[in-house]
Amino acid sequence: MTQKQNPTPLPRTPAPGSARAPWLKEMLAAYKPLANVFDEMMRPDGSLREPWGRFLDELGALSRSQLVDAFASADRHLKGSGVFYRVYDDPSGGERPWPLAPVPLLISAREWYAIKEGVIQRARLAEAILGDLYGEGRLVRDGVLPAAAVSGSPDYLRPLVGLPPPGGRHLHLYAVDIGRGPDGAWWVLSDRTQAPSGAGYAVENRIALSRALPETVRSLNVERLAAFFQSFRDELARLNARAEARVGLLTPGPLNETYFEHAYLARYLGFLLVEGGDLAVRDGEVYVRTVSGLKRVDVLWRRLDGDFADPLELRTASRLGVPGLVQAIREGGVTVANALGSGVVESRALMGFMPALARAILGEDLILPNLATWWCGQPRERDIVVKNLDSMVVAPAFEPTIPGLPGVRTLLGSALSEKDRETFLAIAHRRGMDVVGQEAVKLSTMPVWQDGKLTPRPFVLRLFLAAVGTDDWAVMPGGFCRISGSTDARFVSLQQGASASDVWVLGDGPVDETTTLLPTPERVRVRRTTGTLPSRAADNLFWLARYLERTEATLRLVRALLGRVAEGGVGADRPLVDRLVLLLRRIGALPEGSETLPAARLAIAVLTDRSAIGALPQTTAMARAAAAVIRDRLAPDTFQTVTDIAARFEDAGDRPMTPGQAFDLASDALRLLAAYSGLAAENMNRLIGWRFLELGRRIERAVHTARFVRQFGEENAPAGALEVMLELGDSQITYRSRYVVTPSRVPVLDLLVLDGNNPRSVAFQVHRMLDYLQTLPGTTVDGRPVPVLRAAKQLSADLETLPVEEMAIAHLDGVANDLFRLSEGISERFFRQAPSEDLPEELG
């Protein structure tokens with residue numbers, strides 16, 4: 001949750017009014033000749049529009065360097081919070097930092113009122129269209145809407161026809177993209193009814209700029225966003241059929257472009273972040289698989305396309321949806337927001353019919369007019385497009401790209417090559433229903449901070465509306481502004497290099513400054529749990545801890561190896577070096593074909609080689625991937641620390657590295673791991689999720705400690721082996737505080753294997769694992785322990801009663817095998833529940 005912030009204000013001079021700072025006057029003078037269309041900030045005569053004059057007066061109270069520092073602080077906040085988006089065309093599938101444009105879009109209270117009325121009317125119209133298309137079908141029957149303009153859309157889902165949505169609404173969150181034309185009027189560019197994105201990013205944009213310019217936000221009476229999200233959350237909570245049921249946010253998964261937003265909104269609104277594989281349909285109701293068995297989910301806020309939602313009745317190739325979800329909707333067992341099939345309103349084919357639909361359904365003209373659109377499925381409209389092709393934009397009516405022109409989303413008719421022009425005209429005459437012509441957009445501009453100066457760029461504004469009750473809408477007082485990376489108004493997609501900015505709606509008076517999203521006080525119920533833990537989340541917590549503990553063990557091996565090959569030689573340490581290398585090879589940390597490399601180069605390869613599965617680039621990347629899936633359950637600082645650890649090794653192989661630099665890298669990474677451990681220990685509640693994190697950590701640490709002791713604890717081990725063993729087990733100080741002598745084999749073995757008070761010993765890990773398992777649900781049945789708990793009890797007892805003097809080193813092989821069996825038993829019991837085993841008690 002976002003809490004109220006009281007940042008330290010920047011030193012300021014009195015508001016200069018008309019006597020603006022010289023640097024700002026110079027900047028405005030350079031901006032004026034560039035704003036050659038309608039510009040949000042500047043009129044053609046060089047005067048400032050309201051409310052930009054007030055905003056610039058606020059900026060003018062700062063020096064140029066203070067303003068640069070303030071904008072840089074916004075970027076630091078976004079980076080520290082891990083805000084990102086994914087570029088689909090990037091071969092590496094990499095995450096990109098969030099591209100914030102620090103100058104907000106400003107909207108006055110009077111102008112906002114007119115926009116608000118227009119978008120509410122648009123939402124009412126979209127809801128009414130959906131109600132008819134999936135209900136009585138009068139619009140098509142009466143000829144108001146051609147059947148092909150509906151049935152041609154892949155988002156028109158026939159299995160949903162005739163099914164009134166539970167809760168009575170198709171749309172619970174509606175968004176609309178609008179732009180301002182050269183004449184200053186706002187136009188609707190597209191409707192977003194499928195699974196609108198951007199609301200979470202709008203919140204992060206607001207937080208970043210509010211921290212960068214707190215006095216400016218306060219002085220301009222910028223309207224807050226929290227009340228909108230409160231309305232949305234309350235509406236979904238109202239649809240819960242049972243008090244114990246949950247609201248789930250259904251995400252396609254961490255590879256989705258906007259997965260950060262899914263995780264952020266789930267945490268912000270208190271919803272359960274789930275993927276399709278987390279859910280199961282039983283007797284017409286939807287359940288989430290948790291470590292405690294199946295738990296009811298009455299409401300799903302979906303963030304994946306509707307046709308992917310159920311592979312049984314919709315897109316059969318989908319691996320993202322929930323088998324049987326449509327049947328659960330049919331039986332009234334779940335409410336899906338937005339309703340499946342609502343994406344049909346997004347098609348460009350319908351855009352040209354919206355004015356007529358508004359008059360037919362609402363008896364009103366559109367307050368905000370459409371982007372002019374001609375659907376080529378009608379002869380008259382097709383002829384208009386063909387005749388005026390050079391002055392229009394051509395686009396697909398339903399699909400992402402134009403049929404016959406692979407990769408072409410929208411294109412100016414005048415920019416078509418001769419061959420593509422012939423292809424398009426052939427499509428328009430043969431399959432006109434698949435394409436549209438649209439008025440070429442010339443959008444107004446707003447100022448963008450670029451290279452220390454202001455530059456005008458075209459922009460598109462996305463606004464969000466939340467359904468309230470049966471026929472009301474709450475409008476977010478702000479929105480998500482996308483700004484083109486060039487003067488071309490067509491490139492306002494983040495996938496094409498655009499940036500994003502906050503949207504400030506300026507109130508007429510002071511606004512409530514609290515930004516915390518909280519229910520009304522009388523509705524707060526005391527609770528000491530954090531809700532349901534899906535099996536997938538528990539699995540990723542378990543493996544996050546294992547990957548990080550594996551990283552630590554590998555780093556300790558590397559550091560021990562480098563410490564014994566310092567200054568290029570090994571000398572008497574050769575037997576120890578050989579054993580360290582053997583351990584690294586056995587855990588898969590060395591690449592193939594490295595047998596002839598010197599020891600120092602082998603150590604560096606562990607830190608830099610991307611091909612070896614156990615090398616640090618791979619291990620830390622897997623840790624980050626596990627953390628990314630559960631980022632809604634990790635504090636931002638904890639997640640960022642995991643990201644920082646992975647970043648240390650991501651590009652380490654791209655530059656030459658000396659043994660000294662490798663040693664420093666290993667030591668730095670170990671310190672970061674210690675920081676992560678501290679954050680996890682101090683910030684996570686001691687509930688079920690934390691226990692799975694600890695189970696993974698303890699299993700991995702016990703396994704590696706057993707390996708270290710097995711390798712260096714033999715009676716005939718080379719000189720110095722006991723010192724290496726203590727170093728790898730991070731127990732030198734403990735040993736020296738107890739035994740003021742050089743290391744002796746039996747005390748060292750006792751300290752690292754059997755001492756239940758040493759947090760690095762095998763026994764300590766096993767005892768802790770037993771403690772955690774005994775508190776997990778379902779580990780006892782009728783008072784008897786299940787197999788995984790029995791195994792943990794047996795191993796703990798064996799270690800507790802084994803005399804160190806009688807312990808054979810080979811015994812550790814059996815301990816390691818027992819630990820692997822424990823890990824498999826935990827997975828089987830909690831992460832891979834069979835359908836026959838995960839029925840809730842009331843169904844069993």
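Author: Four strands make up an open sheet with antiparallel pairing, in the order β12-β15-β13-β14, where strands are DSSP runs of E of at least two residues and helices are runs of H or I of at least four, numbered from the N terminus, and two strands pair if DSSP finds at least two bridges between them. This is a predicted model in which local features need pLDDT of at least 70 and side-chain atom pairs count only at pLDDT 80 or more, while totals for chains, interfaces and linings use all residues. Residues are numbered from 1 along each chain as its sequence is written, and side-chain values use heavy atoms, with hydrogens and water left out.

Reader: Which strands stand at the edges of the sheet?

Author: A strand with a single partner has one side left without a neighbour in the sheet, so the edges are held by β12 (373-375) and β14 (411-412).

Reader: Which residue of β14 stands opposite V394?

Author: Strand β13 (residues 392-396) pairs with β14 in the antiparallel sense over two bridges. The residue of β14 opposite V394 is L411.

Reader: Are α16 and α28 roughly parallel or roughly antiparallel to each other?

Author: Helix α28 (residues 811-831) packs with α16 at an angle of about 160°, and their axes are 9 Å apart; axes are lines fitted to C-alpha atoms, for helices over the stretch in contact, and angles run from 0 to 180 degrees between N-to-C directions. Angles under 35 degrees count as roughly parallel, over 145 as roughly antiparallel, 65 to 115 as roughly perpendicular and the rest as oblique. The two helices, α16 and α28, are therefore roughly antiparallel.

Reader: Is N221 buried or exposed?

Author: N221 sits in the loop between α8 (214-219) and α9 (226-238). Leaving aside neighbours within four places in sequence, N221 is in contact (heavy atoms within 4.5 Å) with V505, L506, G507, D508, G509, P510 and V511. At a relative accessible area of 14%, N221 is buried.

Methods: Buried means under 20% relative accessible area, exposed over 50%, partly exposed in between (1.4 Å probe, protein chains only).
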